[in-house]
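Look over the sequence and the model below. Then read on for a short report, section by section.

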Amino acid sequence: MKLFVAFSSLHIRFSTFVLLVMGLSTPGQAEIVSLDSGNIDDILNNAGVALVNFYADWCRFSQMLHPIFEEASNVVREEFPDSRQVVFARVDCDQHADIAQRYRITKYPTLKLFRNGMMMKREYRGQRSVTAIADFIRQQQVDPVKELHSMEEVNTLDRSKRNIIGYFETKESDNYRTYHKVANILRDDCTFLAAFGAVSAPERFSGDNVIYKPVGDGMSDMVYLGSLTNFDLTYTWAQDKCVPLVREITFENGEELTEEGLPFLILFHLKEDTGSLEKFQQEVTRQLISEKGSINFLHADCDKFRHPLLHIQKTPADCPVIAIDSFRHMYVFPDFNDLSISGKLRQFVLDLHSGKLHREFHHGPDPTDSTLGQEETGGEVASSPPESSFQKLAPSETRYTILRRDRDEL
């Protein structure tokens, strides 16, 4: 009898141990939301931060990422249980090609970050590991707004950065909620600060107030004059201040800029040649501000970007050089010295959109400047004669990321 009791007790303890080990070794069910055209807007718009895995089942790297992405979701969910705060989601791009096209997904897997429903320009390019992905999400949870505790802190701001400062009566106001939402989206482009209550009182003589401090000492502040409860107006104003009209393209951001899907108008200049850059910036502002949504204005270091210069038969000795990269071809602006001629740079861009640059690239100068082929309706023509070996250019992604890997391997 004693032997039977002892055996039963041992059996119970062993069973309990096995169950405990199984419990510790079996991962919890990952909360990955599958997105489709019916739920994507609702889910992303109601998430503070969403990390979306755009994948294809036939892709080996997509298959390898699935368990890592799921485990990272489990780790993050333990720290941030509120599903409105952080969402891990996925899109089967074979089943939902419309969504893949909407977000310009061209390779798999692609991890895109969304904040309050808006896709960030910088996709996740870190290590494909549970730890790295979880750390990346933790970084997104850091408050994008730094609180000022005295007005003297304003005098010590880093003026090499773009700073936006909000002065509010309280953190609980609708004005501040809008400001915080804008700061969350533009945190990578500007430094956002805020003061409250008695600290902010000297700057709130006419109510809550937001100002932009441009880069450089001695630059005048710019005041936001719109409604602080109107997110669209506030975001548009802040984006205009935080994202420069002419951006520098580097090996680090070349792929990101390409993924925005807009052709490039690029000034290639020597690093020390700041005069040409200033002239280019002035003329882009004067002639092309209305084209901001149809082409990206960029500048690049001639010495670093010798490779794309070769595609237009140029070297750093020829700089400064202006060119358009349409992702199919590169077109050279005839003469940098013509940059300040009224309307010259604008016409160069309009000739891209009309298809004239593409047509002349293949067939030589038009008989007249105004006649377009009957088969063309704008943009680059759909068909053309076989291209020469020189005309078969590498994709822009290769041209501007030639010295780095295009994709982190799993």
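In what kind of crossing does helix 10 pass helix 12, left-handed or right-handed? Helix 10 passes helix 12 in a right-handed crossing. A crossing is right-handed if the near helix is turned clockwise from the far one by less than a right angle, and left-handed if anticlockwise.

**Ground rules**

This is a predicted model, in which local features need pLDDT of at least 70 and side-chain atom pairs count only at pLDDT 80 or more, while totals for chains, interfaces and linings use all residues. Residues are numbered from 1 along each chain as its sequence is written, and side-chain values use heavy atoms, with hydrogens and water left out.

**The whole chain**

The chain holds 14 helices and 15 strands. Helices (H or I, at least four residues) and strands (E, at least two) are DSSP runs, numbered from the N terminus. Of its 410 residues, 44% count as buried. Buried means under 20% relative accessible area, exposed means over 50%, and partly exposed lies in between (1.4 Å probe, protein chains only).

The accessible surface of the chain is about 21,700 Å². Carbon and sulfur atoms own 53% of that surface. Such areas come from the Shrake-Rupley method with a 1.4 Å probe.

Now take the contacts (heavy atoms within 4.5 Å). Among contacts in the chain with a separation of 6 or more, 75% join residues 24 or more positions apart.

**Two helix pairs**

Two packed helices are described by the angle between their axes and the distance between the axes. Axes are lines fitted to C-alpha atoms, for helices over the stretch in contact, and angles run from 0 to 180 degrees between N-to-C directions.

Start with helix 10 (residues 274–288) and helix 12 (residues 344–354). They pack at an angle of about 65 degrees, with their axes 9 Å apart. The two helices are therefore roughly perpendicular to each other. Angles under 35 degrees count as roughly parallel, over 145 as roughly antiparallel, 65 to 115 as roughly perpendicular and the rest as oblique.

Which residues meet here, from helix 10 and helix 12? Helix 10 brings Phe280, Glu283, Val284, Gln287 and Leu288. Helix 12 brings Lys344, Leu345, Arg346 and Val349. The residues of this contact divide into five nonpolar, one polar and three charged. Ala, Val, Leu, Ile, Met, Phe, Trp, Tyr, Cys and Pro count as nonpolar, Asp, Glu, Lys and Arg as charged, and the others, Gly among them, as polar.

Next come helix 3 and helix 5 (residues 130–140), packed at an angle of about 40 degrees with their axes 9 Å apart. That angle makes helix 3 oblique to helix 5. Helix 3 passes helix 5 in a right-handed crossing. On the helix 3 side, the contact uses Ile68, Glu71, Ala72, Val75, Val76 and Glu79. On the helix 5 side, it uses Val130, Ile133, Ala134, Ile137 and Arg138. The residues of this contact divide into eight nonpolar, no polar and three charged.

**Single residues**

His66 sits in helix 3 (residues 60–79). Is His66 buried or exposed? His66 counts as buried, because its relative accessibility is 18%. Leaving out residues up to four places away in sequence, His66 touches Asn53, Tyr55 and Asp57.

Gln95 lies in the loop between strand 3 (86–92) and helix 4 (97–102). Its relative accessibility is 60%, so Gln95 counts as exposed. Gln95 and Asp36 are 59 residues apart in sequence, yet 8.8 Å apart in space, C-alpha to C-alpha.

Gln141 is in the loop between helix 5 and strand 6 (145–147). At 23% relative accessibility, Gln141 counts as partly exposed. Gln141 and Val49 are 92 residues apart along the chain, and their C-alpha atoms are separated by 8.2 Å. Leaving out residues up to four places away in sequence, Gln141 touches Val49, Phe80, Gln85 and Val86.

**Backbone details**

| Peptide bond | Omega |
|---|---|
| Tyr108 to Pro109, cis | near -10 degrees |
| Cys319 to Pro320, cis | near 5 degrees |

Pro109 is in the loop between helix 4 and strand 4 (110–115). Pro320 lies in the loop between helix 11 (306–311) and strand 14 (321–325).

Arg104 has a phi near 55 degrees, a positive value in a residue other than glycine. Arg104 is found in the loop between helix 4 and strand 4. Its relative accessible area is 43%, so Arg104 is partly exposed.

Phe327 has a phi near 80 degrees, again positive in a residue other than glycine. Phe327 is in the loop between strand 14 and strand 15 (330–332). With a relative accessible area of 27%, Phe327 is partly exposed.
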